[in-house]
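Subject: Structure for your review

Dear colleague,

Please find the structure below, together with its sequence. My notes on the strands, helices and charged side chains follow it.

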Amino acid sequence: MQNAIRKEIHAQQSELRNLIRSELRAAFQEKMDQDFSHLKQQLASFEEIIKFTCGQYEELANTVKSYAEENKQLRGENILLKDKLKDVETRLSQLEQEGRQTNIEINCLPEHRSENLFKTVIQLGKVVSCPLSENYILSCTRVQKMKPTSNKPRAVICKLSNKIKRDNLLAAVYRYNKSNPKEKLNTKLLGYGDNGSPAKEKKYKFVWVRNGRIFVRKDVDTPAIGIAHIDNLNKIT
């Protein structure tokens, strides 16, 4: 009797264990299926993110490549424009130099409100035996001082009709000064009165013009001083 009861209990225990195992397997399998499904969803989401990121990267790479090509093109155009600008500046400089080839500059000419610079230049031509008429004078005007505080009169720039006339006038001035060493060209001869000159005031014995430039020398043993600009008169001591 006891053995039968034991067998019955053992059988029920075995059945209970099997039932528990079965329930545990089912619960575990269900949990695994849920977790796996969730993992698949996450992987699918990650895959979409990766695809989107790759697409964005490719788009960005294409944009960078496009910008790089455009930048290269712009740099090439910039170099070309710089070369063209240099060429234009060179030509402009040449044109300015050519334009100045017909100019003469007169310094230390006293200023008057009612002055007629055209007549002054014509008078200069008469004095040095190089006749000029107003037809040969395109413009004649005073220019701004390099140093506004200077008490010296503004320089006169006279533009003649051609370079030959300019060269002839300068040569005539040179010949006149060479022929008249004691009474060289001065403002008195141009009708401005005897105002003297810095060279005379400083007792310089020699004043001459060569190739359109003025030179002074105090005596035979001293070096010549070139007067390329009115401010160079400060060198005369």
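Glutamate 115 has a relative accessibility of 24% and therefore counts as partly exposed, since the range for that class begins where buried, under 20%, ends. Please note that the model is a predicted one. The side chain of glutamate 115 meets that of arginine 142 in a salt bridge, with 2.7 Å from N to O. This pair joins distant parts of the chain, 27 residues apart: glutamate 115 belongs to the loop between β1 and α2, whereas arginine 142 belongs to strand β2. Arginine 142, at 8% relative accessibility, counts as buried.

How many salt bridges does the structure hold? There are 6. Another of them joins glutamate 111 to arginine 154, whose closest N and O atoms are 3.0 Å apart. Glutamate 111 is partly exposed at 33% relative accessibility, and arginine 154 is partly exposed at 28%.

A further salt bridge, at 2.8 Å from N to O, forms between the side chains of aspartate 167 and lysine 163. Both residues lie in helix α3 (residues 163-179), where they are 4 residues apart, about one turn of the helix. Aspartate 167 has a relative accessible area of 28% and is partly exposed; lysine 163, with 36%, is also partly exposed. A network of salt bridges links Lys163, Arg166 and Asp167.

I turn now to the sheet. It is open and has 3 strands in the order β1-β3-β2, paired in the antiparallel sense. Because β1 and β2 each have a single partner strand, they stand at the edges, and one side of each is left without a neighbour in the sheet. From one strand to the next, the twist averages 15°. The antiparallel pairing of β2 and β3 runs over 5 bridges, and threonine 141 has isoleucine 157, in β3, as its bridge partner.

Two helices pack on this sheet. Helix α2 touches β1, β2 and β3, and its direction makes about 115° with that of β2. Helix α3 touches β1 and β3, and its direction makes about 35° with that of β1.

With kind regards

Definitions and conventions
Residues numbered from 1 in each chain as written. Predicted model: local features only at pLDDT ≥ 70, side-chain atom pairs only at ≥ 80, totals over all residues. Heavy atoms only, no water. Salt bridge = Lys/Arg side-chain N within 4 Å of Asp/Glu carboxyl O. Buried < 20%, exposed > 50% of the residue type's maximum accessible area, 1.4 Å probe, protein only. Pairing = 2+ DSSP bridges. Axes fitted to C-alpha atoms, helices over the stretch in contact; angles between N-to-C directions. Contact = heavy atoms within 4.5 Å.
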